[in-house]
Amino acid sequence: MKNLLLTFIIGCTSYSVLAQDANIPNSLQKLLDTDFFTQYDEIRQRAHTSVKAFKKLSAEENYSEEDLEIVKDAYMASAEKFNAILVGVKNDLLNKRSRKMLIRFPDAYSSKLEKELDYANEYYEQTFRKEIARVTNGEILGLSFMELLPVVIKGVKIAIQVINKFKAEVRKYNDAMLQQHLVEKYKFQEWEKLL
Amino acid sequence: MKNLISTLLFLVLMVLSVDAQETNLGNISNVDWQYDSLSKKITISYDLARVGAERYFRISVDAVIDGQPLTPSTSALEGDVGNYIRSGLSNKIIWDVTQDILFTQNASLQIKVTSKSVQPTPTPGPDPMPLPEPNLFIPIGAGVLGGGLIVAGLGNMNSDDVKEYESSCDPNSSSFNSSFVEVSGNAPSTCDLLYDEAKKDHDGGTTLSMIGVGVIVVGVGWFIKQKIDEASAIDGLRGGDDRIKVDPFYTVGSVFWPGGQIGNLGLKFTYNF
């Protein structure tokens, strides 16, 4: 009986996961499978890992409240810059004019995202990584994104090709859908949620 | 007022004052300074407060010497100056003034510390947002073709037949000479015959010229469309203000319409190059 119940629960969970995936339009899934998003995800995972490592160390060490606050603020401000890029991509996908322009001028759009990513990365390097190294006396340096950025940038043009290929479907995307599958899924998490 | 400072080595007197000019961020306070006459360096201290959740700022120093503005060179400044300066108390900037100031007696010096939002470090290289080069082949080609058609048309309009007709038969023409006019019974006159030829040339020339003008208009239109597309792309991708604006307008006035009001309705098209 117990086994039957367990099987039923597992079955329900699997169905639920499948049902959730089925909610994503094929074109959006293809877009999220491009290097831009997969490597972007890697970037945020690295940031999360750095935060978790710092939190773990700070539980053992006696860092001042002020320093803890500084590192947290540096992370949150960096996260905000990266998350703003995702929101920008979402808005560009929802805006007819931006969609048209990014398809017509993929190089320009790629450069725009590159500029934004460079700035977010610079901010992360100059604030979070610098502070984490200072507070921990170099025990934790924070993971760098440097080598991932070119891959992400390269992925933009492929992502644009996908958008171009599925133009008609992309036109039907709505805010809630992109917020759920693009922004919420790939955004840098809040400090408190990273345990 | 911190008064006269004498340098032991140069026996120079300077009157210094520090003025923390608050920017719209308004988060700098308690600015103070000290001049070290031995090292000839000025140490500026200031408190930098957070603005909302933001902790990092771009700090710059400006000076005014005897009323003349001076921006200290980057190499002369060290400490809490530049991009990504964290908010905190007693931030310090050390200015090696000898790198920037030629000492004069009784020079008055004002120092301004300003705080702005951090800015990404500009990366050297090509335009970060390259747009495709405008295709000039079509507008130039249209210009050449249109120009050629107009020249050919004008040539036709001034053909020998037309000239001869005008000089011989058209009394309204400035080149008209009545002595060449022939009159001959019921048979078609020379002027009638000339007229047919001249009209044919003139009409053909007019048509060619109009086609030429049309081709040029198409070329210019193509060029303008390209510029508009480019501007749209920049506006659309950079998220800035639109450089192309189409504003419907309606105005009501009563000046030129006796006993009533007249309205102007239309579209105002603005394109900022």
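This is a short tour of two protein chains, stop by stop.

**Before you start**

The model is predicted, so local features need pLDDT of at least 70 and side-chain atom pairs count only at pLDDT 80 or more, while totals for chains, interfaces and linings use all residues. Residues are numbered from 1 along each chain as its sequence is written, chains are lettered from A and ligands numbered from 1 in the order in which they are written, and side-chain values use heavy atoms, with hydrogens and water left out.

**Stop 1: chain A**

Select chain A and colour by secondary structure. Chain A has 9 helices and 0 strands. Helices (H or I, at least four residues) and strands (E, at least two) are DSSP runs, numbered from the N terminus. Along the sequence, the pattern of chain A reads α-α-α-α-α-α-α-α-α.

Chain A has 195 residues, and 48% of them count as buried. Buried means under 20% relative accessible area, exposed means over 50%, and partly exposed lies in between (1.4 Å probe, protein chains only). The accessible surface of chain A is about 10300 Å², with 55% from carbon and sulfur atoms. Such areas come from the Shrake-Rupley method with a 1.4 Å probe; for residues, only the protein chains shown count as cover.

Take the contacts in chain A with a separation of 6 or more: residues 24 or more positions apart account for 86% of them. Contact means heavy atoms within 4.5 Å.

**Stop 2: helices H4 and H9 of chain A**

Two packed helices are described by the angle between their axes and the distance between the axes. Select residues 65-94 of chain A for H4, then residues 175-186 for H9. Their axes come within 10 Å and cross at roughly 155 degrees. Axes are lines fitted to C-alpha atoms, for helices over the stretch in contact, and angles run from 0 to 180 degrees between N-to-C directions.

How do H4(A) and H9(A) run, roughly parallel or roughly antiparallel? H4(A) and H9(A) are roughly antiparallel to each other. Angles over 145 degrees count that way; under 35 is roughly parallel, 65 to 115 roughly perpendicular, and the rest oblique.

Show the side chains. From H4(A), look for Leu86(A), Val87(A), Val89(A), Lys90(A), Leu93(A) and Leu94(A). They meet Asp175(A), Leu178(A), Gln179(A), Leu182(A), Val183(A) and Tyr186(A) in H9(A). By class, this contact has 9 nonpolar, 1 polar and 2 charged residues. Ala, Val, Leu, Ile, Met, Phe, Trp, Tyr, Cys and Pro count as nonpolar, Asp, Glu, Lys and Arg as charged, and the others, Gly among them, as polar.

**Stop 3: helix H3 of chain A**

In H3(A), pick Phe37(A), Tyr40(A), Asp41(A) and Arg44(A). Their partners in H9(A) are Leu182(A), Lys185(A) and Tyr186(A). The residues of this contact divide into 4 nonpolar, no polar and 3 charged.

**Stop 4: Asn137(A)**

Go to the loop between helix H6 (106-135) and helix H7 (149-165) of chain A, where Asn137(A) is found. Its phi is near 55 degrees, a positive value in a residue other than glycine. Is Asn137(A) buried or exposed? Asn137(A) is exposed, with a relative accessible area of 73%.

**Stop 5: chain B**

Switch to chain B. Its secondary structure comes to 3 helices and 12 strands. Chain B has 273 residues, of which 29% are buried. It exposes about 16800 Å², and carbon and sulfur atoms supply 58% of that. Among contacts in chain B with a separation of 6 or more, 63% join residues 24 or more positions apart.

**Stop 6**

- Select Ser90(B), in strand E9 (residues 88-96). Its phi is near 50 degrees, a positive value in a residue other than glycine. Ser90(B) is partly exposed, at 48% relative accessibility.
- Select Ser117(B), in strand E10 (residues 107-117). Ser117(B) is partly exposed, with a relative accessible area of 45%. Beyond residues up to four places away in sequence, Ser117(B) touches Leu25(B) and Arg58(B).
- Select Ser209(B), in helix H3 (residues 190-238) of chain B. At 11% relative accessibility, Ser209(B) is buried. Leaving aside neighbours within four places in sequence, Ser209(B) contacts Leu149(B), Ile150(B), Gly153(B), Leu154(B) and Met157(B).
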